[in-house]
Amino acid sequence: MVNFNATLIAQILNFLVLVFVLAKFAYKPVCNIMEERKNKIASDLEAAEKAKTDAEAVKAEYAAKLAEAKQEAQAIVDAARKTAQAAHDKIMADTKAEQDQVIATAKEAIALEQKKAMDEVRAQVINLSMIAASKIVEQKLGSEEDKQMASKIVDSIMK
């Protein structure tokens with residue numbers, strides 16, 4: 001059987017006193033510390049989840065703003081491209097009109113110069129023809145045959 005001696009009883013009493021002292025002075029503070037730590041961890045997890053949600057919202061807002069900025073940039077580039085094309089087309093049209101005007105003016109000047117040259121050539125031809133005709137007439141009228149021909153013409157008119 002079991003022998004109960006005084007050391008066993010003293011050990012049991014010491015154990016019970018130790019349990020009572022620990023329960024009275026250590027168990028509750030340790031439980032309170034554990035509860036506080038549990039609450040702190042829970043609040044930290046909630047804060048982390050809230051921070052994650054906030055970060056995702058900021059990321060979505062950033063992505064939306066980035067997309068909007070890209071659209072605005074593309075719109076600006078398109079507008080600049082249209083403006084440049086319009087300016088190019090206007091410059092080309094103005095240049096073409098100016099070129100047509102210069103060509104028309106040049107054609108008119110050429111036609112005028114050509115007419116002037118033709119008039120000068122005609123005047124010189126007439127002048128040369130008159131000189132040549134007068135020289136020919138002088139020579140012809142001076143010859144004997146011409147005198148006879150002139151005399152026949154006069155005679156035929158008189159008859």
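Me: What separates Asp 54 and Lys 50 in helix H1?

Reply: Asp 54 and Lys 50 are 4 residues apart in helix H1, so about one helical turn lies between them. Helices here are DSSP runs of H or I with at least four residues, numbered from the N terminus (strands are E runs of at least two). The model is predicted: local features need pLDDT of at least 70 and side-chain atom pairs count only at pLDDT 80 or more, while totals for chains, interfaces and linings use all residues. Residues are numbered from 1 along each chain as its sequence is written, and side-chain values use heavy atoms, without hydrogens and water.

Me: Why is the contact of Asp 54 with Lys 50 called a salt bridge?

Reply: The term requires a side-chain nitrogen of Lys or Arg within 4 Å of a carboxyl oxygen of Asp or Glu. The closest N and O atoms of Asp 54 and Lys 50 are 3.4 Å apart, so the pair meets the rule. By this rule the count comes to 7 salt bridges.

Me: What makes Lys 50 exposed?

Reply: Its relative accessible area is 54%. Exposed means over 50%, buried means under 20%, and partly exposed is in between (1.4 Å probe, protein chains only). Lys 50 is therefore exposed, whereas Asp 54, at 38%, counts as partly exposed.

Me: Which class does Asp 119 fall in, exposed or partly exposed?

Reply: Asp 119 has a relative accessible area of 40%, so it is partly exposed. The side chain of Asp 119 meets that of Lys 115 in a salt bridge of 3.4 Å, N to O. Lys 115, with 52%, is exposed.

Me: Which residues make the nonpolar surface patch?

Reply: Ile 9, Ile 12, Leu 13, Phe 15, Leu 16 and Val 19 make a patch of about 570 Å². Patch residues have over 30% relative accessible area and no salt bridge; nonpolar side chains (Val, Leu, Ile, Met, Phe, Trp, Tyr) are joined within 5 Å, like charges within 9 Å. Areas come from the Shrake-Rupley method with a 1.4 Å probe, and for residues only the protein chains shown count as cover. Ile 12, found in helix H1 (residues 6-142), has a relative accessible area of 43% and is therefore partly exposed.
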